[in-house]
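Student: I would like to learn how to read a few features of a protein model, one at a time. Could you take me through them with the structure in view?

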Amino acid sequence: IATGVAFASDGRLVAAGSWDKTVRVWTADGGELVKAIRGHDDIVTTVAFGADGKTLFSAGADKTIRIWNLEAGAARGEAGGHLSRALAVAFSHDGKLLASVGTDKQVRLWDAITGELLRVMLGHEGIVTCAAFSPDAATLATGSIDGSVRLWDTATGNELAVLGKHE
């Protein structure tokens, strides 16, 4: 079962995470399997390409965020993890930041190049399910099953706003 998909920025590759603990990468034009990458200990919940198209990030039910070098087909590093399942990752348009969210109600901001954890942002009262960066990467939006959408300042980690509740 595919659990998360992403296109590379040039549109030539498509990646997917899966229940079988793998990340698979295909050519978008012909569907040729380029890589099948193993390394997570549980379901791969989501994937996101880095701006260079050669780096892939994956998050898993094993609580980890992994950084993959697609040319080598191997892990470039592990960006730590969450206290429980990581559900989604988002990559900033400038290629410098990665956000991860999960069932631990945390929003984590990482240096996408080194894998260093920059800050943990707290405020959601429920599982955080999604994240997206503003075009300038100055603001991160996150959504939760608590019904809120929150905006965060990526430079400080401060909460900027709580947008109206969803049912």
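Student: Which strands form the open sheet, and in what order?

Tutor: In general, strands of a sheet pair through backbone hydrogen bonds, either parallel or antiparallel. Here 4 strands form an open sheet in the order S9-S10-S11-S12, with antiparallel pairing; strands are DSSP runs (E, at least two residues), numbered from the N terminus, and two strands pair if DSSP finds at least two bridges between them. S9 and strand S12 (117-121) stand at the edges with a single partner strand each, so one side of each is left without a neighbour in the sheet. On average, neighbouring strands of this sheet are turned by 20 degrees against each other, direction ignored, where the axes are lines fitted to C-alpha atoms and angles run from 0 to 180 degrees between N-to-C directions. Please keep in mind that this is a predicted model, in which local features need pLDDT of at least 70 and side-chain atom pairs count only at pLDDT 80 or more, while totals for chains, interfaces and linings use all residues. Residues are numbered from 1 along each chain as its sequence is written, and side-chain values use heavy atoms, with hydrogens and water left out.

Student: How many bridges join S11 and S12, and which residue is the bridge partner of Trp110?

Tutor: Strand S11 (residues 107-111) pairs with S12 in the antiparallel sense over 4 bridges, and the bridge partner of Trp110 in S12 is Leu117. The side chain of Trp110 also makes a polar contact, at 2.8 Å, with the side chain of Ser100; such a contact is a pair of N or O atoms within 3.5 Å, and within protein one must be able to donate a hydrogen and the other to accept it, while residues adjacent in sequence count only if both atoms are side-chain atoms. Ser100 itself is in strand S10 (residues 97-102).

Student: Is Ser100 buried or exposed?

Tutor: Ser100 is buried, with a relative accessible area of 0%, where buried means under 20%, exposed over 50% and partly exposed in between (1.4 Å probe, protein chains only).

Student: What does a search for aromatic pairs find?

Tutor: A pair of aromatic rings is described by the distance of the centres and the angle of the planes. The search of the whole structure finds 1 aromatic pair: Phe57 and Phe91 are tilted, at 5.2 Å centre to centre and 35 degrees between the planes. Rings of Phe, Tyr and Trp (its six-membered ring) pair if their centres lie within 6.5 Å, and planes under 30 degrees apart count as stacked, over 60 as edge-to-face and the rest as tilted. Phe57 lies in strand S6 (residues 55-60) and Phe91 in strand S9 (residues 86-91), so the pair ties together parts that are 34 residues apart in sequence.
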